[in-house]
There are 2 protein chains.
Amino acid sequence: MDSTDKVDGQVGQVEGGAPVRRRDSYHHGDLRNALIDAATELARKGGPEAVVLREAARHVGVSATAAYRHFASHADLIAAVKERSLAALATSMRAELAELEPTGDPRVDATNRLSALGRAYVHFALSNTGLFRTAFFHREVIKDKPPQRTDTAYELLAAAVEGLASAGVLPPERRAHTETAAWAAVHGLSVLMLDGPLRAMPESEREAALNRTVQVVIQGV
Amino acid sequence: MDSTDKVDGQVGQVEGGAPVRRRDSYHHGDLRNALIDAATELARKGGPEAVVLREAARHVGVSATAAYRHFASHADLIAAVKERSLAALATSMRAELAELEPTGDPRVDATNRLSALGRAYVHFALSNTGLFRTAFFHREVIKDKPPQRTDTAYELLAAAVEGLASAGVLPPERRAHTETAAWAAVHGLSVLMLDGPLRAMPESEREAALNRTVQVVIQGV
DNA sequence: TTCGAATGATGACACTGTCAACTTCGAGAT
DNA sequence: ATCTCGAAGTTGACAGTGTCATCATTCGAA
């Protein structure tokens, strides 16, 4: 956010319409975070293609090349935004989990958890288009962390599936790769509805399709 | 330029390494298709980001702006490549279908068809990375046809699900949106393995994960 | 044969990521 | 309190992109 607004945090206007924070001191103080903030905002509306380094720098009120003191490249900046987006997704999913009221039956609870997570996944994608697309953006293979799937969204899904297993709903011989299947279903639905051919689907049908997809996964498990 | 060089269609080399077809006549004759060909080749290796208008024109041996006699914009060119990619995907799926030998049981046959289609979908994605990513590429909302999901890949999937229904495997009360669920599963798996966090998954596990995903869909249906 | 309309070519503009060289400033050693 | 040096920001440039306005060529019909 507006982290270190020391003295006069005035907001100016540049030709392009990009808001500029004029800083008083030559050094910014927390440029890295400020750039990620700006870039994240760009990503929120407009997706990964909209996060352009020079524009982010412009928003912060700093020269474009100043960014290179904090990021190795444009891809590096995007990677940072990516992390944030994944975190936002996970947070949103966790929130949905918390709203769940336990029934008596642990088998039903486990099922409900997986269902809620899947639903939250798709809902996040549909209401946070830019962030979701950035979260799963991939262009240059640079950086981007060793592509472990440790993003917490997967962990949540995996934990829910594990819950299914320990509740006895999911038999051991079908245990393997079930998280992946569940993940694939909700992720695929998100992508198809966001950028894919399903993006023309009306709102009403969307929810029905989501329900059916979750149902297929639950039943197929 | 040295376009006034000589006669007939020799193949030269430009500094960048881009092969150039020098044509003899001022007019190309079939520039639109030639450009789509070149662009498709760019897409095959490198994905949608690699299909750059100027480069395609360079390959064909034509000025960059000449493309604007045949395409409204860069996005328009990509849309053309997109169509081709979707067609290639469908063709690949149909080929897999043709290899299927009918058992006596129509219920088993129907199931096998859906399974084969799903497997073909993911296999195409993994072995034709660039084309697949281009097929589902989406940036500017320009053109790109009215986003009906009439791409034949979907139709094939839908037909297979319909086969399940008419074979009695899929009860009517679960009929709705089942194609979407199946599509979502295989598409999601493809995307996750291609660009997503699953791209680090070793080959062996990949096939297992695909099998499990298909199994979940079949069983959940 | 003539001539208008397609089709290509040139040159330019704005924009991007990125690099090299320069400037400013903050903090630690003296 | 001052000096100094490296970190942080700036300026200017370059190559590359999509795209437009304008000019040149050629094909096909009148």
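The model is a predicted one, in which local features need pLDDT of at least 70 and side-chain atom pairs count only at pLDDT 80 or more, whereas totals for chains, interfaces and linings use all residues. Residues are numbered from 1 along each chain as its sequence is written, while chains are lettered from A and ligands numbered from 1 in the order in which they are written.

Helices are DSSP runs of H or I with at least four residues, numbered from the N terminus.

Between the two chains, 37 residues of chain A are in contact with 37 residues of chain B, contact requiring that the C-beta atoms of two residues, placed from the backbone, lie within 7 Å. On the side of chain A that touches chain B, the elements giving two or more residues are α7 (178-194) and α8 (203-220), and α7(A) provides the largest share, 11 residues.

Chain A can be laid on chain B with an RMSD of 0.1 Å by a turn of 180° and a shift of 0.0 Å along the axis, the copies being superposed by least squares on the C-alpha atoms of residues with pLDDT of at least 70 in both. This is the relation of a two-fold axis, and the same surface serves both copies, since 100% of the contact residues of chain A recur in chain B.

In chain B, helix α7 has 16 of its 17 residues buried, so that α7(B) is largely enclosed by the rest of the structure. By contrast, B:Y68, which lies in the loop between α2 (53-60) and α3 (74-98) of chain B, is partly exposed, with 15 other C-beta atoms within 10 Å. The C-alpha atoms of B:Y68 and B:R32, 36 residues apart along the chain, are separated by 9.8 Å.

Methods
Buried ≥ 20, exposed ≤ 12 C-beta atoms within 10 Å, placed from the backbone.
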